[in-house]
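Biologist: Could you take a close look at one part of this model for me, and then show me how it sits among the rest? I'm new to this, so please spell out the terms as you go.

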Amino acid sequence: MTSRPLIRCEQLRVGYRGRAILPAIDVSIGAGELWALVGRNGSGKSTWFQTVLGLLPAVSGSVQRAPDLRLSYVPQRLKLDELFPVRARDVVAMGLERNWSLLSMAGKRRQRARAALQRVAASELADQPFRALSEGQKQRVLLARLFASEPQLALLDEPTSAMDAVAERDTLRLLDTLRREHGTTVIVVCHALGLVREIAEQILFFDAGGSAVISGSTKDVLEHEAFRQNYQSAEAGT
Amino acid sequence: MPHSQPSWAEFVAGWELGIYRDAIYSGALAGLVLGYLGVYVVLRRMVFITAAVSQAAGFGVALAFLIQIHLSLTLPPVMLAITLSLATAGLFALPLERLLISRESLLGVAYLLTSAGSVMVGDRISQEAHDISAILFGSAVLVRTQDLQALAAVGSSALLFHVVVHRGLLFAIFDPQSARVQGLPVRLLDLSSFLLTALVVSVATRALGVLPVFAFAVLPGVTGLLLAGRAPSVLAIAAAIGALSGLGGYMLAFFYEFPVGACQTVVAAAPLVIALPWHFVRQRLRELHSPPHPSAPPSANG
């Protein structure tokens, strides 16, 4: 697919305190594409993710974003505060905040939050305290927040890690629907290789040793030698 | 001759004379504002920020005296106290994640450094120690009108700010990374919130003393979080408990002749003592009666 790039990484090196942990990455991600980030734990996926989001500075190279790009992010659930006094629909309504909108009146936030929850089949959770939800339910609520934010580019860090296999499959299909119906670009960290093969058009693969980052079509990356070496045993069971 | 406790008529007479009116207003106002701000303090897990800010204020006052004695330069002690309090609070809005240091650790560092500084400087100005104490820590028994006015000014400003940015601030504390990605001014919100809280703590400490200020900034917030499940309710409960503690604590002290600050602390703690078992029982009942978590997957058809 050729489309207007929303994100372009040029010779991007990511890492911490000026030390690169991965080789330079060149990748261009266009509007309406669905990318899967694949790699073993500790391979540098989250570091790249955070750099693209602007949460970490690049060690060298550059990340160019389309002007006025509407970004939204679903973090790993472990990073969220469990004690917060918010209901599920309050969390979803956070997706409606952008820039200085926090100074505006609440408006139709409640209806929009409910609509987003309905979209992920979680309407019944609307008035539940977020902290009382199961991990899988929390991830669905965060997914609803993403939908409510109507992003041009959605980045999700392991959004299905606490879900059962069926919920995981349907969540990834829902992301595919978001891409197809709204033209949203989706970048998702996912370990379910079977689903990645089914849904993702493109893959950014992070080699476990940090020696290579390979991008390309799903078919090409899955057949790449480095990928096969990393996932030989997993592939055998898929 | 046996000592009798003060009567209601004596209390009313004193009130009409205006003897402790400002002290009661100050207690209630500080309780209300700090109860409200304390919810954010507790949610940030920074309850000892009050102690660190108070220590920084003490260090500031001691420094002002030291400078006056050794350099013959007169600096207003209260201004130096507020400046150091704000500087301490401002530290917590730094991008600490890049320094690999938690806010809790930084809190400890700030507290220890300002405490050590106060002791060392105090050692050189021991004859002024009484003045420092008087400038820093009110007794909450009698409060000067100008302290009440200062508290009203900074308290209403802090309250107004936190009410206006409530939604954004909550998002920024709950999930700062996503809030930043969505363009919210997380750092600015944090910095403003810390500075205003520090300002209220400094001014309230000057009027009422350390103990009740610390109590107002922690206990009502914790109680509110136990009693309610939604932020607006938590904030309302905490503010109400804080205000009632300021008022009730003074009356308890008046009628039973206890120190005011300690009474305000005890009254602020009383709802927490009730809320803890209530919260525990409610949790257990909810677990017993709640249906299993629904497992219906989301629909790909929207």
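Modeller: Let's start with a pair of helices in chain B: α2(B) crosses α11(B) in a left-handed way (the near helix is turned anticlockwise from the far one by less than a right angle; clockwise would be right-handed). The residues making this contact are, on the α2(B) side, B:S26, B:G27, B:A30, B:V33, B:L34, B:L37, B:Y40 and B:V41, and on the α11(B) side, B:S193, B:T197, B:V200, B:A204, B:A207 and B:L208. Here "contact" means that the C-beta atoms of two residues, placed from the backbone, lie within 7 Å. Sorted by class, these residues are 10 nonpolar, 4 polar and no charged (nonpolar covers Ala, Val, Leu, Ile, Met, Phe, Trp, Tyr, Cys and Pro; charged covers Asp, Glu, Lys and Arg; the others, Gly among them, are polar).

Before going on, keep in mind that this is a predicted model: local features need pLDDT of at least 70, and side-chain atom pairs count only at pLDDT 80 or more, while totals for chains, interfaces and linings use all residues. Residues are numbered from 1 along each chain as its sequence is written, and chains are lettered from A and ligands numbered from 1 in the order in which they are written.

Now, how do those helices lie? Two packed helices are described by the angle and the distance between their axes. Helix α2(B) runs over residues 21-43 and α11(B) over residues 186-208; their axes come within 11 Å and cross at roughly 150°. (Axes are lines fitted to C-alpha atoms, for helices over the stretch in contact, with angles from 0 to 180 degrees between N-to-C directions.) So α2(B) and α11(B) are roughly antiparallel (that label needs over 145 degrees; under 35 is roughly parallel, 65 to 115 roughly perpendicular, and the rest oblique).

There's a second pair in chain B to set beside that one. Helix α12(B), residues 210-227, and helix α14(B), residues 260-289, have axes that come within 9 Å and cross at roughly 15°. That makes this pair roughly parallel. The crossing of α12(B) with α14(B) is left-handed. Among the residues that make this contact are B:L211, B:F216, B:L219 and B:L226 of α12(B), with B:A268, B:L272, B:L276 and B:H279 of α14(B). Its residues are 16 nonpolar, 5 polar and no charged.

Step back, and chain B turns out to have 14 helices and 0 strands (helices are DSSP runs of H or I with at least four residues, strands are runs of E with at least two, and both are numbered from the N terminus). Of its 302 residues, 48% count as buried. Buried means 20 or more other C-beta atoms within 10 Å of a residue's own, exposed means 12 or fewer, and partly exposed is in between, with C-beta atoms placed from the backbone. Of the chain B contacts with a separation of 6 or more, 78% are between residues 24 or more positions apart.

Helix α1(B), residues 8-17, has 0 of its 10 residues buried, so it lies largely in the open. Over in helix α6(B), residues 103-124, you'll find B:G108, which counts as partly exposed because it has 13 C-beta neighbours inside 10 Å.

Along its principal axes, the C-alpha trace of chain A spans about 50 × 40 × 35 Å.

Where do the chains meet? The contact takes 37 residues from chain A and 30 residues from chain B. On the chain A side, the elements giving two or more residues are β7 (71-74), α4 (135-148) and α5 (165-182). Helix α5(A) gives the most, with 7 residues. By class, that side of chain A has 20 nonpolar, 7 polar and 10 charged residues.

One last stop: A:M163 sits in the loop between β8 (153-156) and α5 of chain A. A:M163 counts as buried because it has 24 C-beta neighbours inside 10 Å. Leaving out residues up to four places away in sequence, A:M163 touches A:G136, A:Q139, A:E168 and A:T171.
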